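Subject: Structure for you to look at

Hi,

Here is the structure I promised to pass on. Please have a look at it first, and then read my notes below.

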Amino acid sequence: MIKRIEDLFLEEEKILAPYAIRSSMNGGRIFPEKEHELRLPFQRDRDRIIHSRAFKRLEYKTQVFINSEGDNFRTRLTHTLEVAGISRTIATTLGLNVQLAESIALAHDLGHTPFGHAGQDKLSELMKSYGGFEHNKQSLRIVRKLENRYPGFVGLNLCRETLKGIMKHGGDYEESDLNSERSDDGPSLEAMLTDVADEIAYNSHDIEDGLEKNLISPEQLKEVQIWRRNIGEAEARFRDTPLILKLRFAIRSVLNEMVVDLLKTTDSNLERHKVKDIRSLHSVWRTGIRLAVFSDSMQEDVSELKKFLTENLYRHSDVLAMSQKGQEIIEKLFHYFIGHPEIIPDSYRQRIEEEGKFRVICDYIAGMTDRYAEQLFSGI
Ligand code: MG
């Protein structure tokens, strides 16, 4: 039997929690489209995101270590896939819309520049007088304007709920040009949780990459409570096991602790604040209460871990040297293209008249992979 979209809508109705976003009430797309016969709207969104050019380029964009540093570190792509995995687990367990959570996760870092946060900071500084640059807003810009794959519309024409989830990534609800399209006053639970899934992913995988690169040591990590707890368990359970396997066990356990804590705390918050449907979800949100959070004690542990990673990994001299090199490349390319806008690719150049050369050159540079930026840099 082939399940058609009507069957899928009905199946969804049976498994989703009352405060989950239903595919059948997703608010539609900005350019109206007929539903696909066999795929739910958020499934289509997920597939559109995966087929986009910006998604493919995530493979060669820095997470913490630039691509040329080695093949065993996270890239923006593997980070994104880990966030999507965590989001799927969380959404499934809480009875939320898994495809919506996954779509938001897969798109959440599309707007990142080459060379990670260092790249974003440099581009934001260069664009200060020309409308600024912020990677979350850039993710939205990519899916709404810059991708060009479909004859009937610009961008990917994602569902409004997916767009709102991408827009809200990075904290509280952000005012933006999507305001006029808002059909509610707050983020979906799927969006709130995907935000935290991002944090869970990088807090745990950056430990692994930092150890692998020998920028932090297992000894040093013992000053962090959540690590001490989990490596202690590994040492007690696997006495004659090689150290690397104990370390990996502890990294997985740290991740698992954060996910389980988030799930339990969110679930009890939903109950405590009597969230029965989308409407009550948004009423609670408007009072300033945050439902998708860690418990107080886990929040302390996570803050301590973040502080450790900032001081010992993100501000490590090797990482700062890579960041500085990345920033030099971005700055030089920016000034070069401002002086020579005629040499940027046609697909970008044709928007100069409408958006001005600074914005267009910013889009071009933000879209580059590390290696493409390095290649251009060495040629100018
Ligand atoms: Mg991220």
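I began with a pair of helices. Helix H9 (residues 189–212) packs against helix H14 (residues 296–314) at an angle of about 45 degrees, and their axes are 11 Å apart. That angle makes H9 oblique to H14, and the crossing of the two is left-handed. Please keep in mind throughout that this is a predicted model.

Which residues make the contact? On the H9 side they are Glu199, Tyr202, Asn203, Asp206, Ile207 and Gly210, and these meet Val302, Leu305, Lys306, Leu309, Leu313 and Tyr314 of H14. Sorted by class, the contact between H9 and H14 has seven nonpolar, two polar and three charged residues.

The other thing to show you is the metal site. A magnesium ion is coordinated by NE2 of His79, NE2 of His108, and OD atoms of Asp109 and Asp198, at 2.2 to 2.5 Å. Along the sequence, the spacing of these donor residues reads H-x28-H-D-x88-D. Histidine 79 sits in helix H4 (residues 76–93), while aspartate 109 belongs to the loop between helix H5 (98–107) and helix H6 (116–126), so this pair ties together parts that are 30 residues apart in sequence.

Happy browsing, and do write back with any questions.

Best wishes

How values were computed
Residues numbered from 1 in each chain as written. Predicted model: local features only at pLDDT ≥ 70, side-chain atom pairs only at ≥ 80, totals over all residues. Heavy atoms only, no water. Donors = N, O, S within 2.8 Å, 3.2 Å for Na, K, Ca; no water. Helix = DSSP H or I, 4+ residues; strand = E, 2+ residues; numbered from the N terminus. Axes fitted to C-alpha atoms, helices over the stretch in contact; angles between N-to-C directions. Parallel < 35°, antiparallel > 145°, perpendicular 65-115°, else oblique. Left-handed = near helix turned anticlockwise from the far one by under 90°. Contact = heavy atoms within 4.5 Å. Nonpolar A, V, L, I, M, F, W, Y, C, P; charged D, E, K, R; others polar.
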